[in-house]
Amino acid sequence: MSAIVFNGNGVTVAEIAAIARKDVTVEINADVYDRLARARVLLDQAAASGQQIYGLNTGLGANLKTAVTEDITAFQQQLVRGRGVGVGPSLSRDVTRAVMAARLSMFSVGGSGISPAVFDDLLALINKKVHPVISSIGSIGAGDLVLLSSMAQTLIGEGNAEFQGQVYSSEQALEMAGLRPSRLGPKDGLSLLNASAVSVGQGALIAADGARLIDSQRQAAALSFEALGGNPLILTPAIQRARPAAGQVEEAEMLLAHLQGSSLLEAKSAIQDPLSLRCVASIHGALAHALNAATETIEIELNAAADNPLVLLDENRVLSTGNFHTPALALAFETLGIAIAQAALASAARFIQLTGSVRNGLPRYLTPIGGPSAGFVPLQKTVTALIAQIRHKANPVMLDFLPVSEGVEDHATQTHLVVAKCAEIVELWSYVIACELLAATQAIDLKPGHLCGKGSAQTYVFVREISGKLEEDRALGEDVSKLAGRLREEH
């Protein structure tokens, strides 16, 4: 991919991920600059007319009624500095790039009134790979002002930034990249801050990762069907159509496709399997539905004008809004986290079935040597620990807020906290999937004469390229970590 063009609509999570993780260059369509210029003129005209414009000629939050009449440019820098109160570990490089790309995409819609020169400065930061050091704690979901202040500080040559693998003062980093600090005009500081770009940027990466891992989860479930001698009749299309719950029909079709050519289709099976096998299509269907909803919600934000105040080009006016508020985004990622937890619990249940005591004709603990050999049974503790963490992080937090700014900001969504914990759930989930894949692959090795379906056979080969068959007890943690890492990679 040579470059991604922003034109104010149609930006996808996949494109944000490419900018964030593959350093793909961003280009801007000429129509964007036309919108930016017209919005800036309209904003300046509204201010010159004497209209009160939040954050341009008024203070913020509880200071709303305080007029700003002198040195408006200095006030914008004051806004940026005053919100620099984030704490905690810094965001990773890829998340930081996703944040910058998300804000640039939102600006491209044309509702912020940001100066075209400042817009170009943010574009240059991305393309020159100057990355602000952004703290991870400080947003309550009523916009990500506190966290985005770090991005704005770097633009004006303050704070710290990473460049070519080292952290420098932003002034040094800009100079090394051949850039100069931005000169903020009226409202530019607030435009840089007043959006949910941290939540949206990180959410885009989660959506991209989730799309890869749900496919890995399907592969693991199909391989467990093979290993446990599951009854494939449960995937019969007519059964799914009888109760076409979200995603259920499609998930059953995909699992059946993995099993095409398998010995299972000719074998005599149990009438009913454990629920982690029997209900897998509906479990995965609910997850696919939640993932699609989260992706759609992120892409709405990426291509929307979420500013306050907002320049309405079609109506030639500037109005205050609540578009920075993201309850739908928070709810989508709370739901996604719970849906992942459901799928992970089913994956863990299948792992326990696979590694238990002489089940489905498999040797106890999946050990080929028997006796005192522990085989895969110690890994049950790791799976249990992973599931405990996932369940803990899946607990909703979007209702946990306090009124701030003297009651002016009396509602919040905790969107960034929701998104951040969902990212942690996704990483933990990858380890659970890896454990199921390793156990199911080992079980296949212990079922002489079993013929895997076409898709399952490919999954088996993929796993065995990373981890060899367990012939005698060995430390499996490294195998799990290596396989989980591969699952999280783009391939």
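The points below go from the overall fold to the domain interface, the salt bridges and the cysteines.

1. **Ground rules.** This is a predicted model, in which local features need pLDDT of at least 70 and side-chain atom pairs count only at pLDDT 80 or more, while totals for chains, interfaces and linings use all residues. Residues are numbered from 1 along each chain as its sequence is written, and side-chain values use heavy atoms, with hydrogens and water left out.

2. **Overall picture.** The C-alpha atoms of the protein fill a box of roughly 85 × 50 × 45 Å along the principal axes. The secondary structure comes to 18 helices and nine strands; these are DSSP runs numbered from the N terminus, helices being H or I with at least four residues and strands E with at least two. Of the 491 residues, 54% are buried, where buried means under 20% relative accessible area, exposed over 50%, and partly exposed in between (1.4 Å probe, protein chains only). Contact here means heavy atoms within 4.5 Å. Among contacts between residues at least 6 apart in sequence, 77% join residues at least 24 apart.

3. **Two domains.** The protein is divided into domain 1 (4–194) and domain 2 (209–488), with bounds that come from an automatic or database domain assignment. Their C-alpha centres lie 35 Å apart. At the interface, 41 residues of domain 1 are in contact with 36 residues of domain 2.

4. The size of an interface is often given as the accessible area lost when the parts come together. Between domain 1 and domain 2 the buried area is about 2,800 Å², and carbon and sulfur atoms give 58% of this. Buried area is the accessible area (1.4 Å probe) that two parts lose on being put together, summed over both. Across the interface there are 12 residue pairs in polar contact, both residues at pLDDT 80 or more. A polar contact is a pair of N or O atoms within 3.5 Å; within protein, one must be able to donate a hydrogen and the other to accept it, and residues adjacent in sequence count only if both atoms are side-chain atoms.

5. **What domain 1 brings to the interface.** Two salt bridges are counted between domain 1 and domain 2, a salt bridge being a side-chain nitrogen of Lys or Arg within 4 Å of a carboxyl oxygen of Asp or Glu. On the side of domain 1 that touches domain 2, the elements giving two or more residues are helix H1 (13–22), helix H2 (30–48), helix H4 (93–108) and helix H8 (188–193). The largest share of that side, six residues, comes from H2.

6. **A network around Arg21.** Arg21 forms a salt bridge with Asp209, the closest N and O atoms being 2.7 Å apart. Arg21, Asp94, Asp209 and Arg212 are linked in a network of salt bridges. Asp94 is found in helix H4. Leaving aside residues up to four places away in sequence, Asp94 touches Ala20, Arg21 and Leu205. **Salt bridges elsewhere.** The count for the whole model comes to 19 salt bridges. Glu158 and Arg81 meet in one of them (2.6 Å, N to O). Glu158 lies in the loop between helix H6 (145–155) and strand E6 (160–163) and Arg81 in helix H3 (residues 72–82), so the pair ties together parts that are 77 residues apart in sequence. Glu158 is partly exposed at 22% relative accessible area, and Arg81 is partly exposed at 44%.

7. **Two helix-to-helix pairs.** The side chains of Glu251 and Arg218 meet in a salt bridge (2.8 Å, N to O). Glu251 belongs to helix H11 (residues 248–259) and Arg218 to helix H9 (residues 197–228), so this pair ties together parts 33 residues apart in sequence. Both Glu251 and Arg218 are buried. Lys393 and Glu424 also meet in a salt bridge (2.9 Å, N to O). Lys393 is in helix H15 (residues 379–393) and Glu424 in helix H16 (residues 415–445), 31 residues apart. Lys393 counts as buried at 19% relative accessibility, whereas Glu424 is partly exposed at 37%.

8. **Cysteines.** How many disulfides does the model have? The count comes to zero, taking a disulfide as a pair of cysteine sulfur atoms within 2.5 Å. For Cys435, the nearest cysteine sulfur is that of Cys452, 19 Å away. Cys435 is buried, with a relative accessible area of 0%, while Cys279 is partly exposed at 28%.
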